[in-house]
Structures are given as structure tokens and as C-alpha cells.
Amino acid sequence: MQRTRLNIFSTLVWGLLLLAQPNWTCETTGTVSASKDWWQTAQFYQIYPRSFMDSDGDGIGDLNGITSKLEYLKDLGVTAAWLSPIFTSPMVDFGYDISDFFDIQPEYGTLDDFRALIKRAKELDLKIILDFVPNHSSNESVWFQKSVNREKGYEDYYVWHDGKVNAVTGEREPPSNWLQAFRGSAWEWNEVRQQYYLHQFAVQQADLNYRNPLVVEQMKRVLRYWLDLGVAGFRCDAVPVLFEVEPDENGQYADEEVSGLTDDTDARNYLKSELLENRPETIDMAYQWRVVMDDYQRIHGGDTRVLLIETYAPPAYTMQFYGNRSTEGAHLPFNFNLITVPASEGFSASSVKTAVDNWMNNLPAGRTANWVIGNHDQRRAASRYGTANADAMTMLVMIMPGASVTYQGEELGMTDGEISWEDTQDPAACNSNQDIYEQFTRDPSRTPFQWSSGTNAGFSTAAKTWLPLAADYKTVNVETEAAAQRSHLQIYKSLVALRKSSSTLQNGSTKYGIISDNVFVVKRYISGSESLVYVANFAAKGVTVNLTDFDKNLPTHLTLVIRSLQSAKAEGYEN
């Protein structure tokens with residue numbers, strides 16, 4: 001067979017999608033499977049409501065702003081939009097500290113505004129998924145106040161403990177050495193109740209007690225309430241911390257061991273988290289939520305209501321969320337490996353392969369994969385991987401089997417905004433100090449969405465937005481990129497269109513690997529259909545590769561289908 005060669009001449013890093021004609025050789029291929037459910041090949045799109053679109057000029061995004069931009073999502077090819085929390089909240093952690101799980105935060109609108117959003121989304125055949133925050137409530141919640149006062153039925157709604165008395169000083173101390181995610185002790189003393197309560201996040205985010213059946217049923221009631229209002233499912237926040245170890249026979253909690261990862265004694269990772277995270281009871285709770293989803297569909301009909309799980313956990317634990325032979329679990333536990341592995345090993349073809357291996361080699365048979373490169377808790381993908389790699393990583397998410405997840409702005413190549421200490425809002429940073437806050441802040445990825453090059457990037461008419469804009473909004477925005485002949489946005493839309501139309505991407509088999517050090521290659525193929533080959537050079541200089549080193553069954557000629565913004569070759573190019 002003639003050697004198939006791909007020449008990469010650009011000194012920038014870039015990616016290509018190549019098309020091969022149907023291969024009728026003896027190569028092993030997949031077969032067209034039964035029709036997949038909607039979520040199995042969906043394009044999920046995360047909206048951070050506070051930063052998406054402001055409809056009333058207060059500098060804060062809102063529900064009516066989202067509704068006004070649903071046609072943009074439809075044009076992108078989005079299947080379902082996931083909204084970060086929109087519920088009533090003091091906004092200590094910008095919606096993840098919920099005081100009323102059954103109502104809308106006034107800054108964002110009203111229940112009628114939400115109903116209007118759902119109505120318009122259905123008209124456009126878009127699904128809306130809500131953030132479900134099960135681990136904790138705001139300490140301003142009525143539930144918490146009733147628990148503080150030991151009102152009947154609420155006495156054990158939260159994790160309360162007397163603490164310990166120091167044998168030397170005689171002073172009362174927290175029950176254990178556990179640390180919260182936002183620095184410092186995970187225990188807070190309550191003067192009224194005269195006990196400590198557990199908070200794995202901010203002091204104002206009190207952990208609910210899932211060993212109390214009343215709490216379990218209450219949170220299922222929350223799910224059913226929003227299902228009744230028309231949502232298509234839930235993304236479940238911070239699930240691995242739902243349960244902590246039980247007290248010992250003397251009613252005491254054990255201390256965590258020192259991890260050795262940092263000398264910062266206030267940082268969560270100063271200690272191990274084996275007693276606080278990834279407990280077996282948490283898996284069962286996810287299974288119970290799946291029953292709620294399935295029962296609702298069985299009773300009310302309609303499409304599958306999906307359950308998406310946030311879990312930064314080892315593969316052996318994460319994969320259990322899918323379910324087992326007798327019980328269904330989450331439809332999709334989120335796959336964050338393309339975020340976490342490059343963060344720990346450095347960004348390279350090797351770390352990308354390790355990330356893909358971590359998921360594909362552990363994925364239970366018959367389950368659906370998913371691919372994520374960013375969210376509101378991480379620095380923006382284009383900033384982490386480098387802007388020259390933005391298209392290549394988006395291509396990877398789109399060519400791999402299963403569902404794709406996009407965080408707002410990734411389709412534009414948005415980068416982190418620069419946020420001063422004075423403008424910092426994120427409690428993870430505010431709980432530190434001016435010298436170290438940039439290590440912890442999540443604000444840079446939460447800057448307002450960039451709709452245009454006009455005032456406030458078209459996000460708001462306010463004199464000041466809740467976070468400053470990213471500096472590049474004049475050139476990186478929807479209006480500019482939609483009008484350009486070539487842009488990140490145009491590439492993204494082409495990728496989604498290809499995913500929707502290609503039986504190879506919908507149902508085909510997958511092969512991937514590394515050639516020439518920093519070149520990552522993926523082949524998707526199925527008998528009787530065109531194969532697709534993804535080639536990405538993550539090095540800072542050009543390289544020539546022989547693709548038959550990756551797959552000897554590739555045909556002589558490949559046609560360029562989609563290219564990154566830096567590529568000098570044109571679509572339709574054949575080599």
C-alpha cells in the first residue's frame with residue numbers, strides 16, 4: 001500500500017479532521033447499532049447564568065437573557081443546555097448556597113420567567129437541564145434555621161456534633177481536623193444550638209445529613225418539582241462528598257491523615273479526604289435518583305430524563321455511578337480526565353492519551369462515554385491548553401464516541417479574564433489573601449459572555465458588569481466570529497454538524513494513539529461508511545508524520561474535512 005503522509009508545515013499547533021473513503025479491506029470494524037437515545041450522542045452546553053446575558057441592565061445575567069439567546073444555541077447545534085444554579089440564594093458561592101430549592105433567585109427572574117424559558121426551548125427543540133446541589137444548603141435556609149432550633153423533624157437535617165474538649169486547655173474544639181474546600185476547618189460552631197455543623201464548602205453551606213431518610217425524601221421532592229416544570233434532567237453537583245464516614249462507637253469522628261501534597265495547612269489537600277469523599281453510600285444515592293428519573297418518565301411519558309454526575313474521583317469509583325448488572329445509575333458521570341491529567345502531567349499528546357485511556361479502558365460494557373474540557377470551576381480551555389490548541393481540543397471532544405460537553409465561550413476560543421483582588425468575587429479566592437488568591441480563584445473563567453465588540457461585549461447595558469470583561473472581547477465574540485470566513489465559532493459549528501450527520505461518529509468504532517512524540521491521532525470507522533481520522537500536533541513546531549505508523553489499513557488518499565484556525569491547508573485538500 002502506498003504510504004499515506006500528512007505534512008504539517010505550520011510552526012503553530014493545530015488539528016485536522018480527515019475523511020477516508022469506505023474501507024472494504026479485512027480491517028475489523030463496528031456495525032451500525034440500534035438507535036441511540038437522545039443523550040447518548042448529545043451536545044450538552046453549560047450556561048453560567050450570571051455571565052451569559054443580562055436582559056434588564058443590572059450587570060448580571062438572568063433567565064430572560066438566556067431565553068433571548070436560545071436561538072443562538074439552536075444555531076450552534078446544541079441538544080441540551082445545562083444551567084448552573086438559578087435558585088434562591090444569598091449568593092455567597094453564586095448559587096451553590098441555596099436557601100430555597102423551590103424558587104428562583106430574584107436577580108435571575110421569577111418562576112414565570114423560567115416557565116417562559118422552558119416554553120421557548122421546547123419550541124426550538126432544545127432541552128433544559130438544571131444544576132441539582134444535593135450536598136448542602138445555605139445556612140439561611142428555613143431547613144437550617146429549624147434544625148438550629150431543633151424543631152421536630154429537622155433535628156438531624158444537618159451533620160451536627162458536640163465537638164471535643166481539649167484535655168489540656170479545657171476549651172471546646174471541632175470534632176475532627178477535616179478541612180473545607182474553601183480553606184480552613186470544615187466545622188463551624190453555632191451559638192444557638194451549641195454544636196458544630198459540618199460544611200465541606202463555605203461556612204454558609206451547611207452539609208445535609210443523608211443518613212436521615214427525611215432529607216433523602218426532601219431532595220427527591222426537589223427533583224420531582226422541577227421535572228414537573230419541564231426540565232429534561234439534572235447535573236448533580238459535588239456528589240462524591242455527599243456522605244462522610246460515620247462516627248465511631250464513642251460518637252467521635254476520626255481525623256484525616258496528612259497527605260504530604262502541600263505545606264499549606266488551610267488547604268483542603270493538606271489532608272487526605274478518604275473519610276469525606278467517595279463513600280459507597282453515595283453510589284447508592286445516585287441509584288435512587290435514577291429511579292426518580294425513570295419513574296417520572298414511566299408515569300408521564302416523554303423523552304428520557306437524564307442524570308449527569310459531577311465527580312472528580314478515581315476511575316474505579318467513578319464508573320460505579322453508571323450502575324451495575326441489576327441497577328441503573330447515572331446516565332453520564334462526567335469525564336474530567338482531559339482537564340485533570342494534563343493539569344498534573346503537563347499538556348502533551350502523551351497526557352491526552354493517558355486521559356483518554358483512563359476513561360475508555362475503564363468504561364463498563366454498554367455504557368456511554370462523555371468528553372469535557374472545561375467548566376465554571378476551571379480556567380478556560382483555551383488558556384489551559386493554549387489558544388493554538390483550542391480547536392484541536394474541541395475537535396477531540398467532538399470526534400470521540402458518546403456525548404460532548406461545552407462550557408459557554410469554548411466555541412469562541414474565549415480565554416481567562418484578568419481579575420484583580422479588588423474585583424474578586426469567588427469565595428475560594430476571597431478566603432485566601434491578596435498574595436495567593438490567584439491560585440484559588442475561579443473568576444477568570446466566569447467573565448461575561450462575549451456577544452459583540454460593543455459596550456460590555458453586548459452582555460449588558462449596565463455601567464458596570466458583575467465581573468470585568470476579558471480583554472480580548474473586541475475580537476473574540478459571536479458577532480465578529482459569525483461574520484468571519486474562518487473562526488473558532490465556524491469550526492465548532494462544522495464539528496457539531498458533522499457529529500449529527502455522520503453514522504461513523506454516531507455508531508463507529510474507535511482507535512487512537514500517539515505518533516511522532518506530540519501528535520495524537522484518532523480513527524473512527526464503521527463497515528461500509530467513510531472513516532474519519534483526527535490528527536493533532538501539540539508541539540510548538542511543525543512535524544511530518546506517516547499515518548500508516550498509526551494504522552496500516554488507511555487508504556492511499558485522505559481528504560481534509562475540518563481544520564483548525566492555524567492550518568494553512570484548505571478543506572477539500574487531498575494528500
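Predicted model: local features only at pLDDT ≥ 70, side-chain atom pairs only at ≥ 80, totals over all residues.

Student: What makes α11 and α14 roughly parallel?
Tutor: Helix α11 (residues 390-399) and helix α14 (residues 488-501) pack at an angle of about 15°. Angles under 35 degrees count as roughly parallel. The label therefore applies to α11 and α14. Their axes are 10 Å apart.

Student: Which residues of α11 and α14 meet?
Tutor: From α11, they are A390, D391, T394, M395, V397 and M398. From α14, they are H488, I491, Y492, L495, V496 and R499. By class, this contact of α11 with α14 divides into eight nonpolar, two polar and two charged residues.

Student: What makes the contact of α8 with α9?
Tutor: Helix α8 supplies N337, L338, V341, P342 and E345. Helix α9 supplies S351, V352, T354, A355, V356, N358 and W359. Seven of the residues in this contact are nonpolar, four are polar and one is charged.

Student: Now the sheet. What is the strand order in the open sheet of eight strands?
Tutor: The order is β17-β16-β15-β7-β4-β3-β19-β18, with parallel pairing.

Student: Why do β17 and β18 stand at the edges?
Tutor: Strands β17 (332-333) and β18 (370-372) each have a single partner strand, so one side of each is left without a neighbour in the sheet.

Student: How do you know that β18 pairs with β19?
Tutor: Pairing needs at least two bridges. Three bridges join β18 to β19 (residues 403-407), and these strands run parallel. Within this pair, N370 stands opposite A403 in β19.

Student: How do you know that the radius of gyration agrees with a compact globule?
Tutor: For 575 residues, the globule value would be near 25 Å. The protein chain has 25 Å, so the two agree. Along the principal axes, its C-alpha atoms fill a box of roughly 80 × 55 × 55 Å.

Student: How many helices and strands does the protein chain have?
Tutor: Its secondary structure comes to 15 helices and 24 strands.

Key: Residues numbered from 1 in each chain as written. Heavy atoms only, no water. Helix = DSSP H or I, 4+ residues; strand = E, 2+ residues; numbered from the N terminus. Contact = heavy atoms within 4.5 Å. Nonpolar A, V, L, I, M, F, W, Y, C, P; charged D, E, K, R; others polar. Rg over C-alpha atoms; globule rule 2.2 N^0.38 Å. Axes fitted to C-alpha atoms, helices over the stretch in contact; angles between N-to-C directions. Parallel < 35°, antiparallel > 145°, perpendicular 65-115°, else oblique.
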